[in-house]
Amino acid sequence: MRVLLPLALDLAYDYRTPPEAVLPPGQFVEVPLGTKRRIGVVWDPAPQEAAVDEAKLRNVARVLDLPRLPDSTRRFIDWVARYTMAPLGSVLRMAIATPSLFQPSRPVITYAWSGREPERQTAARARVIDVLRDGPPRGAADLAEAAAVSDGVVRGLAEQGVLEAIENDPDAGFLEPPPDPDTPGPVLSADQREAAGRLSGKIGDGFAALVLEGVTGSGKTEVYFEAIATALRSASGAQVLVLVPEIALTNQLLDRFEARFGARPMSWHSELTGRARRAAWIGAATGGARVVVGARSALFLPFRDLALIVVDEEHDPAYKQEEQVIYHARDMAVVRASLSACPIILVSATPSLETMVNCWSGKYERVMLPQRHGGASLPAIEAVDMRRQSTPRGRWISPRLEEALRANVEAGEQSLLFLNRRGYAPAAICRACGNRVQRDNCSAPLVVHRYGNRLQCHHCDFTMPMPKKCPKCGAEDTIIPYGPGVERLGEEVEALFPGLRVAVMASDTVRSAREAQDFIERIEKHQLDIVIGTQLVTKGHHFPMLTLVGIVDADLGLSGGDLRAGERTYQQLWQVAGRAGRAERPGRVLVQTYMPEHPVMQALIGGDGPAFYRNEAAEREEAGWPPYGRLAALILSGVDEGEVLAHARALAARAPRGPDISVLGPAPAPYARLRGRFRHRFLVRAKRGVDIQGLVRGWLAQVPERRSVRTAIDIDPHSFL
Ligand code: ADP
């Protein structure tokens with residue numbers, strides 16, 4: 001019998017099949033491995049497997065009382081491992097990355113008032129009793145917070161018997177009542193109704209890939225909610241997975257879901273507590289969780305009966321996981337749907353070029369929502385040609401944008417300034433010698449953060465104070481911040497508009513889902529006049545009072561030579577622009593650029609998305625870049641550069657050749673040193689039909705591995721750093 005362990009191994013190990021028990025594939029078991037015990041999953045036998053001598057095998061130590069990992073999930077894990085070339089065990093590990101799954105769960109204690117008064121009444125004690133008098137039982141921390149007392153007060157009352165402890169089932173409490181598809185939703189417009197009908201028509205009819213495309217505010221969410229309702233009605237245990245790129249910002253979606261279906265969906269993301277993870281995992285496996293809204297790793301939940309997958313904002317770069325198992329969640333979601341024989345809906349106002357090409361070729365079916373709901377017009381987008389603006393040195397808001405901001409403020413409306421750069425300044429340089437402050441062993445930039453006047457690396461947790469002396473030329477007090485980040489822009493806005501309510505939304509100022517929700521609420525309730533944000537602010541939000549968007553540096557994403565630079569910039573700026581002017585208030589967008597004639601700017605200003613896509617596709621096709629060709633990257637890294645180079649040379653000598661393939665490199669990665677490791681890259685380019693994984697596998701097999709060098713494989717790379 002084979003058991004797959006959640007370790008970076010490619011194969012399942014053999015164990016003796018216990019005579020008394022039938023252990024079907026998917027069963028969780030504990031097995032001995034060396035001197036330890038490990039939890040693993042009974043895996044399907046390999047097809048042409050040689051029979052092993054049962055007598056030599058070790059016994060399974062324990063069979064766990066957990067739902068089995070369903071067939072479709074196991075097949076999906078196999079598929080992802082084959083495609084991404086990650087060890088099978090590493091993929092399994094993602095699917096059960098829930099250590100709490102294996103811990104016996106303790107009952108959850110809540111407190112109710114027993115009806116008795118405390119021996120000695122105090123104001124604090126009275127508040128606790130007041131909270132419980134009319135309300136439901138609460139946990140200790142929750143109760144202490146609600147009554148504004150310390151945990152000690154609650155404990156004291158429990159010891160005296162004034163509060164009564166209730167033991168609750170640990171896995172309950174997470175399961176909401178099932179969503180009700182028949183709760184009435186909004187009345188859809190004719191276009192929306194037609195779109196919803198086309199999506200719903202695919203439910204229960206096997207695999208189909210659909211693309212729901214429409215400008216921000218056209219009602220895509222309302223429309224896919226209809227498809228979810230149809231899926232829920234289609235079978236008594238039917239389940240739906242909704243993937244979202246950034247879980248910190250999904251509260252608005254969860255609220256809308258609740259308003260539409262009368263119950264919150266199960267959510268799945270990295271901030272969940274162990275108990276909530278366990279409950280979600282078990283809910284997916286048993287069918288108790290009917291709808292799961294989650295970040296990319298939700299794809300690996302053990303759904304029992306998946307009837308529909310929705311990928312919201314399918315073009316979002318956050319879907320690409322860049323660490324450990326390197327995979328693209330949108331692409332893998334399509335595979336998941338096909339293995340589960342259910343439809344998938346990819347949703348976006350600006351689909352990825354990959355998705356668009358699949359629509360053109362007829363592989364995906366395109367469903368369009370042409371207009372904003374309720375007649376709201378699209379914002380007017382105009383370029384501000386920075387070459388013609390005399391913007392003072394050290395400032396980033398042009399006179400033109402300043403004037404527009406002022407007018408908007410005077411009209412009592414809200415504005416957003418977009419700059420996709422965290423921190424105060426992207427670099428610190430020496431005024432005397434021009435040196436850029438950098439770590440010795442790392443080429444990732446150090447970013448200036450105003451809070452604490454420190455330099456921070458955004459790739460690891462390194463920080464240091466701003467140096468007093470230039471590390472290179474030794475001059476004193478010459479190190480200055482260089483360039484703008486959102487914090488610096490905040491300073492500029494405060495100087496220009498004293499007394500206004502201004503706030504910065506970036507991952508440094510908004511650290512959790514809760515803080516994000518509070519921030520979004522402040523915007524929605526118009527408690528802020530000017531919001532300054534990174535891409536965090538651009539995702540799928542509805543801000544009714546926002547009427548002016550200023551894109552501070554539209555050219556930012558275009559440098560760097562990434563093959564998707566143009567596409568990403570277009571998607572991101574269009575997404576930001578879409579925040580302006582919903583509902584009855586018309587919006588306006590000012591795009592500050594030094595290259596107003598660039599195709600991306602032209603497409604934005606002219607509102608001609610289709611032309612942009614056609615153009616971009618033609619260029620990629622001509623050059624054989626994805627999606628018209630295939631790519632795989634190999635990233636070699638190690639602390640000893642000599643070793644890394646030696647391995648790179650050995651690989652280069654064996655690099656595959658052929659008319660349909662070329663191998664570029666090895667070359668030092670743009671981040672040639674990261675977290676102390678030297679990095680060199682290869683890029684494999686191949687024609688579309690080539691089995692690039694087979695090619696890479698065959699290549700790597702010819703060169704012995706080196707222990708000191710790590711080789712990461714990135715199939716369909718999106719990052720070239
Ligand atoms: P998108 O997902 O395309 O950005 P949404 O579904 O968020 O669009 O819709 C934008 C706004 O318009 C939301 O506040 C939504 O509730 C509202 N809306 C969309 N369609 C309708 C409708 N048929 N009836 C009422 N409100 C609608």
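Visitor: Arg388: buried or exposed?
Guide: Arg388 is exposed, at 69% relative accessible area. Exposed means over 50%, buried under 20%, partly exposed in between (1.4 Å probe, protein chains only). This is a predicted model: local features need pLDDT of at least 70, side-chain atom pairs count only at pLDDT 80 or more, and totals for chains, interfaces and linings use all residues. Residues are numbered from 1 along each chain as its sequence is written, and side-chain values use heavy atoms, without hydrogens and water.

Visitor: What does Arg388 form a salt bridge with?
Guide: Asp385, with the closest N and O atoms 3.8 Å apart. A salt bridge here is a side-chain nitrogen of Lys or Arg within 4 Å of a carboxyl oxygen of Asp or Glu. Asp385 is buried, at 15%.

Visitor: How many salt bridges in the whole structure?
Guide: The search finds 38. One of them joins Asp255 and Arg264 at 2.9 Å, N to O. Asp255 is partly exposed at 35%, and Arg264 is partly exposed at 24%.

Visitor: Switching to the ligand. How many residues surround it?
Guide: 16, and the closest are Val187, Gln192, Gly217, Thr221 and Arg256. A residue counts if one of its heavy atoms lies within 4 Å.

Visitor: Which Glu222 atom is 2.9 Å from a ligand oxygen?
Guide: An N or O atom in the Glu222 side chain. A backbone N or O of Val187 also lies 2.8 Å from a ligand nitrogen.

Visitor: How much of the ligand does the protein bury?
Guide: 78% of the 550 Å² that the ligand exposes when taken alone. Areas use the Shrake-Rupley method with a 1.4 Å probe.

How values were computed. Polar contact = N/O pair within 3.5 Å; in protein donor to acceptor, adjacent residues only side chain to side chain.
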